[in-house]
Structures are given as structure tokens and as C-alpha cells.
Amino acid sequence: LPAGMQNCGGGPGQIMTTMPGTPISAAIRPNDAALAAAAATTDSMMKAYLGMTLAEYQASPTCEINGTSASDRANQVLARYSSGECTRFWINGDVQFSAVTLGTQGRPVIIASANDMTFNGNSEIWGIVYSDIDFMWSHNGTGTATVHGQVIVRGNYYANGNITIDY
């Protein structure tokens with residue numbers, strides 16, 4: 001693995017970096033009392049990582065995304081980001097992205113939902129991804145995914161391919 005990166009224990013090809021000198025084991029809920037306390041409720045988790053409760057985040061300047069399906073909601077996020085309208089999103093309902101590039105180093109995104117988030121295929125995210133229930137990155141066959149920022153999941157995290165989370 002590259003210097004400063006460690007396999008996160010979630011399976012082959014999954015790489016996560018942490019603060020220099022911090023072992024990966026200290027960055028997962030079972031081994032971190034503060035993280036376990038933060039994960040007790042949606043509000044405590046959001047407050048710990050996004051600096052506000054769920055209601056405060058929804059009331060802040062964000063684009064609220066609704067839609068008829070998980071892929072429809074993903075398309076709305078991409079369209080509104082691409083148009084320059086938003087960089088912060090609250091998604092009502094599950095969302096499923098397929099092979100996306102979202103955010104840049106100079107214009108990162110925050111996408112948050114109290115529901116499931118799924119990413120399929122080669123993807124690159126610059127910013128913060130917050131899911132209160134489940135986060136899944138699914139790669140069938142070869143492919144890569146990179147998050148330059150944070151993936152915050154109060155529920156379950158699952159990845160079955162090559163993913164790098166570079167915090």
C-alpha cells in the first residue's frame with residue numbers, strides 16, 4: 001500500500017487513511033468510545049461530524065432532493081451540482097449513483113441522507129458523504145472508487161470492490 005495508507009479490514013482492495021499516527025482500528029465505532037457515543041442517534045452523529053442536528057442541517061442553505069426513485073434522486077443531485085446551484089444536499093429517500101464524479105478539490109460537496117446510499121461503478125467524490133442507515137459501494141468486476149474527504153455512516157458500511165477513502 002502507498003505510504004500512510006492501511007487496508008481498512010473491509011476486504012481486499014479497500015484502503016482508508018486516517019490522521020497521521022492514528023491506526024485504522026481507532027477510527028471505527030467498536031474501538032472508539034467517542035464515536036460510539038456520537039453514533040447513538042442521528043442528531044448526535046450529525047452534530048459530531050457536520051456541526052449541526054438533522055433539523056439544523058435541513059434548515060441550512062442546502063438543496064433538498066426528492067424524487068420517484070433512488071436513481072432519480074441521484075440524477076437530481078448531479079444536475080443541481082453541475083448547474084452550479086448547490087454543493088450541499090439533503091436527500092429524502094434512498095439514493096443510488098452509478099459511475100459518478102461529484103465535487104472537485106476546489107468545490108467539494110456534502111451529500112447527506114437519513115436513508116440508504118449506494119454507489120455503483122467507477123466513481124470519484126470530493127467532499128463528505130453522510131448516510132444515517134447504510135452506505136454501499138458496489139463494484140462488480142474491476143473498477144475503482146475514491147472519496148477525497150469523509151464517508152460518515154451511522155448504520156452499516158459495505159464495499160465489495162476497490163475503494164480508497166482519503167481523509
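Let me begin with Glu85, which forms a salt bridge with Arg80; the closest N and O atoms of the two are 2.8 Å apart. Please bear in mind throughout that this is a predicted model.

How accessible are the two partners? Glu85 has a relative accessibility of 48% and counts as partly exposed. Arg80 is likewise partly exposed, because its relative accessible area is 23%, and a residue counts as buried only under 20%.

How many salt bridges are there by this rule? The count comes to two. The other pair is Lys47 with Glu56, where the closest N and O atoms are 3.8 Å apart. Lys47 has a relative accessible area of 45%, so this residue is partly exposed. Glu56, at 39% relative accessibility, is also classed as partly exposed.

I turn now to the cysteines. One disulfide is counted, and it joins Cys63 to Cys86, with an S to S distance of 1.3 Å. This pair links distant parts of the chain: Cys63 belongs to strand β3, residues 63-65, while Cys86 sits in the loop between α4 (70-82) and β4 (88-91), 23 residues apart. In general terms, a disulfide is a covalent bond between the sulfur atoms of two cysteines.

Are these cysteines buried or exposed? Both Cys63 and Cys86 are buried. For Cys86 the reason is a relative accessibility of 7%, since the limit for a buried residue is under 20%.

Which residues does Cys86 touch, once its neighbours within four places in sequence are set aside? The contacts are Cys63, Arg80, Tyr81 and Arg107.

Val109 is 23 residues from Cys86 in sequence, and their C-alpha atoms are 8.3 Å apart in space. Val109 is one of the residues of strand β7.

How well covered is β7? This strand spans residues 109-113, and five of its five residues are buried. On one side are Val109, Ile111 and Ser113; on the other are Ile110 and Ala112; both faces are covered. As a general point, side chains in a regular strand alternate between the two faces of the sheet.

With which strands does β7 pair? It pairs with β4 in the parallel sense, over four bridges. Within that pairing, Trp90 stands opposite Ala112 of β7. Strand β9, residues 123-131, also runs parallel to β7, and five bridges join the two. Here Ile111 is placed opposite Val129 of β9.

Finally, let me place these details within the whole chain. The protein chain has four helices and 13 strands. Of its 167 residues, buried ones make up 41%. Among contacts between residues at least 6 apart in sequence, 25% join residues at least 24 apart. The chain exposes about 8,000 Å², and carbon and sulfur atoms supply 53% of that area.

Thank you for your attention.

How values were computed
Residues are numbered from 1 along each chain as its sequence is written. This is a predicted model: local features need pLDDT of at least 70, side-chain atom pairs count only at pLDDT 80 or more; totals for chains, interfaces and linings use all residues. Side-chain values use heavy atoms; hydrogens and water are left out. A disulfide is a pair of cysteine sulfur atoms within 2.5 Å. Buried means under 20% relative accessible area, exposed over 50%, partly exposed in between (1.4 Å probe, protein chains only). Contact means heavy atoms within 4.5 Å. A salt bridge is a side-chain nitrogen of Lys or Arg within 4 Å of a carboxyl oxygen of Asp or Glu. Two strands pair if DSSP finds at least two bridges between them. Accessible areas come from the Shrake-Rupley method with a 1.4 Å probe; for residues, only the protein chains shown count as cover.
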